[in-house]
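Look at the sequence and the structure first, then read on.

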Amino acid sequence: MAPELLVLVKHDCEVCDQVLPVLDAAAAAGAPMRILSQSSPEDTAAQAHRVGLHAVPDVDVDLIVSARFDPEAVPAVLLLDGGEERGRVEGLHRSRLAELARKAGAELALDGLPELRPGCASRTRDPAVAATLAARRARAEGRLRARTLEVGALEDAFEALHDRGFRDGLPVVPPTPERVVAMLEHTSRDPQEVVGTVPPYGGKATVEKVAINAVLAGCPAATLPIVLAAVEAACVESFAWHGLIATTYPAGPTVIVSGPLAAEAGMNAGGNVLGQGNRATLCTGRALQLVGWNVGGGRPGVEDRATHGQMGKLGSCFAERLDETAPWPGLAQDRGIGEDETGVTLVVT
């Protein structure tokens, strides 16, 4: 297969406006070239009319091609041979662009254009778009496997999650694929690794499902390793999480975090440590409880028969202030965890 040129552009890029007529003229003359726009069909057609192109570029639907090659900037001109990339020029670099085109057997009339001009950021680098593309890759690669909940266009996402049972009495954060993938970036564990078996019905808490519940709880992404450790500890048989979830006992698990990750995640280890006001601390305890509900199936008033309960069952967590506890070690350090490591201890309160 002969080499060909693939061109990626977008409608709101002045450099694309400069280069497109030259590329369009070469394509009209028979150069092996395909021009794709990252913009909508309407914006692409308007740009073609504005700069006087012979043909309206095709649209890169869902940015599938752009995501594959992921340029930092457009215009991006790529030399492909058998579908494999052999070279690229991003932005306007006249001499390099002419050399790349000649390798595909094309001549470009670049006279009159600046020798060098930086391009515009590719749409794949837009934070919102990049998050969507990352979620799509994660689904295609099997890192995301949880079922998708469809919310109607006229539904309120918060009310929809409440009505479908993914809650603890307070509003939860919609766990969009983008948010879950961003959360998973904070662990090196395989998303499909089973962290533990959650009572009372033996639900398999994978890393992915724990991340979903951490998003629901409103956790900062940096707390995910702590939430994973808490779930793993709660699922140890000797902790008897089943007894907390499926009996009349009113207590719940309290998560105690000892080590540097607590401060890095923004947890409170000072005044009002058991009170309100700190997102990382409150949401970590809440995430553990949501895993018990959503993965294990322990619903209040059904499986959870606590006679009166208490607010700690919504989520209880605090961090130890190790810098001012000498000569006494932290709970985790007392069990052999190094001072430069973080340990999680679960107690029943």
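In what order do the three strands of the open sheet lie?

The model is predicted. Its open sheet of three strands has the order 13-12-14, and the pairing is mixed. Strand 13 (316-319) and strand 14 (343-348) are the edge strands, since each of them pairs on one side only. From one strand to the next, the twist averages 20 degrees.

Strands of a sheet pair through backbone hydrogen bonds, and the pairing is either parallel or antiparallel. Strand 12 (residues 253-258) and strand 14 run antiparallel, joined by six bridges. Within this pair, serine 258 stands opposite glycine 343 in strand 14.

## Helices on the sheet

Which strands does helix 12 touch? Helix 12 (residues 279-294) packs on the sheet and touches strand 12, strand 13 and strand 14. The direction of helix 12 makes about 140 degrees with that of strand 13.

Helix 9 (residues 224-234) lies across strand 12 and strand 14. Helix 9 runs at about 45 degrees to strand 14.

## A hairpin

Strand 10 (residues 194-198) and strand 11 (residues 203-206) are an antiparallel pair with four bridges. One of the paired positions is valine 198, whose bridge partner in strand 11 is glycine 203.

How many residues lie between strand 10 and strand 11 in the hairpin? There are four residues between them. In the turn, glycine 202 has a positive phi of about 70 degrees.

Technical notes:
Residues are numbered from 1 along each chain as its sequence is written. This is a predicted model: local features need pLDDT of at least 70, side-chain atom pairs count only at pLDDT 80 or more; totals for chains, interfaces and linings use all residues. Side-chain values use heavy atoms; hydrogens and water are left out. Two strands pair if DSSP finds at least two bridges between them. Helices (H or I, at least four residues) and strands (E, at least two) are DSSP runs, numbered from the N terminus. Axes are lines fitted to C-alpha atoms, for helices over the stretch in contact, and angles run from 0 to 180 degrees between N-to-C directions. Contact means heavy atoms within 4.5 Å.
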